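Please read them alongside the coordinates.

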Amino acid sequence: MTRSVEVIRPPSGWTSFALTRALFDAIGAAGSEELPAYTSATQEDQAAHAAALAAGFAAVAAERITEDTVVLLDDADWPAGDPLSVFLETLVLHLPVRLHLVVAARTAPALRIARLRAAGEVLKVGGDDLAVGIDDVGDDVVTDAASRDTVAAIVEATGGWPLAVQLATALVRRDGSLDREQVVERLLAPDAVLFDYLAEEIVAGLGSAERELLALVGVLPRVSAELLGAVGRDDLAALLDRMVADRIFVEPIMSSVCDSRATMLGRQFVRRALPAPDPSLVERVADAYVAAGDVGNALHLAAYSGSAPLVIRVLGAVQHRHLVELPHAVEAALDVADRGPAHPLAAELRADLHYRTGRWDEALAAYGRALSIAGDDGGATRLIRKQAAIHYLRGDLAATDAVCSTAVIDGTDPCNEAWILMWRAVVCWNRADRAGCAGFVEPAEQLAAEAGDDSAWAAVYTAKAMLAALDGDLAANLHWYERALEHAQRGGDVVQVIRIHANRGSRFTEEGRYAEALAELDTAIQLSEVAGSDTFTALAFNNRGEAHLALGNLDDALVALREAERIWTRLGSRRVLYAVGNLGVVQYMRGQRAQAIALFRQAIRLAAEQGDAQGEAASLVGLARALELESPDEAAAVAQRAVDSGQAIWMPHALVTAGGIALRMGDRAAARGWAHKASQLAADRRDRPALAESLLLRAAIEQPPDVALAEEAGRLWNDLGNRIGRARADLLIAQSRSGRRRDELVADAERVLYDAGALGYLADWRLLAAGPTAPEVAIFTLGGFRVVRRGVPVDVGEWGSRKARDLVKLLIARRGAPVVRDEALDVLWPDAGERSGRRLSVLLSTVRNVFDPGKAHEPEYFVNADHDTMWLVRDHVDLDIESFIAEAADGRRLLAAGDRQKARDVLSDAAARYVGDFCADDPYADWLAGIRDLAKHTFVDTSFELAGLADAAGEHSEAIRHWLRILDVDPYDEDAYLGLIASLLAQRRHGEARRAYRKYCARLAELDIEPAPFPR
């Protein structure tokens, strides 16, 4: 080892946040700047935060430690499940190769590291290995046979306990002798406490001043000569050095030059054996801690004292960061404060702790108590501001506005009044009330100027940026966000910093500046992880998902959006509607229309419940697009609602959607009008993605497609870095080309859509391209049920009954085998009273009419039947599920035969067909479980083969896409997680690899399975 060992001994009440700071200090890495001094509010899952901090530290250490370094973590006795125990286990599993961790504890830590032990990466050192022998004792103690016999007896009786031998030798040095018979008698007594016996012998020889100092040291978290001088006890300061030199009762703090503390056993003995120190002296020490900025130790000491007045005095020094770094110390102090008269500060801090841990109901109740206790004594505006923040983060706009309206805005508390007006402005922004938003922003700006507070300025400038977005003024929007970020950073308010980075990321995405957007959002996410802040973390993940969507990275978008959904759901926030709506977009592009429609409807309902016009408009646009193929009339009505909402941010997209639906319904004139309006508005707003969409629509309206417009759209998509948009433009251009050039364009574009996972666009194109050669009847079941006749989707209204569709699903599920009529009756009408052979015959007739409305064939051509059974004639119907299973089997046969390239092509075609579960629009039909599981397992096996082939070829990006698709189907697949992590590391995407590893650990923890260590 080339680096000296650094010792970290966490005192009682430490958190993983504070421990991470100490670790950064211990390794000497300039990493503490990774941990903001000012952290956030909502962190319900402390274990998850502890794991994130440990992983974050390991990631920084892996980058910055270039030589072997040992860190000793002392007194690491934490119960299983404690956040610090989770922190330790995560740290061990993530440990970089150059960092070696020594953990000292009285009991073996409850760590799930059997795989590391099996690999020889763990060394356990027990009491026998540390035992002291007679030969380890110095010659100044073992001077004759008698002293040797005495020390030997101690060694034998204690098993060589080093501390016992140290105490014995200290007595010998002090008094010159040791009564062997008394020592051995006490050692062998049933209730023997060796330390107490030997300590009593030492304390008996101390003077009164030394006893007073020892009693004080026994209750203080730390002590120094300077501290004793500050409280007027220089006389005790002179004795401290001698006690520290003995290291029996007092020991130096390794990380400090002049501070000391009681030893572990010494503290326990002193508190039992000596009178408590003078309460007035304890109070003076607590005040000295506060004066020196050591609020944490002041809290510990005040809580120990049991004095409610002292606790309230110390709590007055608590800042927001102390709630994060020392929540247990604050809570212990609050417990003491509760024994005295009710105090508004104690109630507010209790509420702050609830707020920080995501217990929002308890926080609101405690803020209410603080308000009632404070009365007219001030602080009401600050408390109302905190209540408003909780309501807004919950997505309850009405409650946010209602609580803000109770505040008195008279300039007496300009900082908090500016915040309250900011919250009201943001509520108006969500409701698309431009005048109301501006009406609150202007006075808020005046109050921020009066306050001169960076936090208030950051809040106001954020509101001004959002107002500029409502006006479509992107330059002003970015300008105000820059000003807001400057003030938030200066004020050390990491919550605001995260929020601003998240909002800026969204703004860059809307402009098509995706690389800048992802950089902003990655910064927001990294800050939120180390700060333990979920306040705006979900927003950052949601906006990250939007950026990946715009780039055509659907798998990355899905991961980010599901994380946003998880956090918002855990917090009980209605703002989850944004993640739900964006997940709908992902599933629509992936071809899972049934799931997309359900998600859009859920988001619209949530938005309507809280009057969130912005969120509603986005999902209306998505729903209209998803309905376009099979329910064009409903799609047109939904698109009109999006246009009528008047939302400036979403208006260009709403116009394009309305135009696309008009084109689908054959109204080219209307489509042309919508498209031109969209182009003009998108150009005015500098909304390049919307402009590209409008150009693509305008090109498609013309017959043949307008190649110049399609090429312009393609160039724009190319500049934006959106490969899916570029591929869609190329497919449109291909319709006006012929021969080899057409084939090249189609092949390249189809490959791009497949690689991006945009299987919905790919399937739509193949239906369109099939034209006259399209199958008479094609049935799509993967990702949702859909029937297509000669390339034209069947309108849902043609079925007349859902049960007719269910009958077709049942026939497909039997894979050509006859279905007994009685079985069909049981499935379709579980209630025996509704069963009727006649009703089944009517359904059979309906299905035949849908398949062959023009009666071009005999009734039995597509669905045959006899007196007892019915079956699908598979030779006359194109079934995606059968093509998928057959291609997957062909690919595996080719792979077994050694034709890797051909196998890869065939397996890729098979995987492209799997856009979702079999009949995903009917997830609870247990009679479909067999074929659904078969399809899922076939897909997982196929994707494993493809991922392995891609990694072997060095194409790790493609491998990552396959691993993610497997995890989308089975989020507990351990091999897929480990494959994903390895592929990410191969691309040097270390941050994403560690984030994936944490998710892997969390998934296995749900199953109570030990994870494999992070690859070293």
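1. A residue counts as partly exposed when its relative accessible area lies between the buried limit, under 20%, and the exposed limit, over 50%. Tyr861, with a relative accessible area of 25%, is therefore partly exposed. The model is predicted, which applies to every point here.

2. Phe862 has a relative accessible area of 4% and is buried. The ring centres of Tyr861 and Phe862 are 4.9 Å apart, and because their planes stand at 90°, the pair is edge-to-face.

3. The structure contains 14 aromatic pairs. In one of them, Tyr392 with Trp423, the ring centres are 5.0 Å apart and the planes are at 40°, so this pair is classed as tilted. Tyr392 belongs to helix 21 (residues 380–393) and Trp423 to helix 23 (residues 414–430), so the contact ties together parts that are 31 residues apart in sequence. Both Tyr392 and Trp423 are buried.

4. A cluster linked by ring pairs is made up of Tyr977, Tyr997, Tyr1000 and Phe1014.

5. Charges over rings deserve a separate point. Lys677 places its charged end over the ring of Trp674, 5.6 Å from the ring centre. Arg1003 has its charged end over the ring of Tyr972, with 5.2 Å to the centre.

6. How many disulfides does the count come to? The count is zero, where a disulfide would need a pair of cysteine sulfur atoms within 2.5 Å. Cys415 is classed as buried because its relative accessibility is 16%. Cys919 is buried too, at 0% relative accessibility.

How values were computed. Residues are numbered from 1 along each chain as its sequence is written. This is a predicted model: local features need pLDDT of at least 70, side-chain atom pairs count only at pLDDT 80 or more; totals for chains, interfaces and linings use all residues. Side-chain values use heavy atoms; hydrogens and water are left out. Buried means under 20% relative accessible area, exposed over 50%, partly exposed in between (1.4 Å probe, protein chains only). Rings of Phe, Tyr and Trp (its six-membered ring) pair if their centres lie within 6.5 Å; planes under 30 degrees apart count as stacked, over 60 as edge-to-face and the rest as tilted. Helices (H or I, at least four residues) and strands (E, at least two) are DSSP runs, numbered from the N terminus. A charge sits over a ring if NZ of Lys or CZ of Arg is within 6 Å of the ring centre and within 35 degrees of the ring normal.
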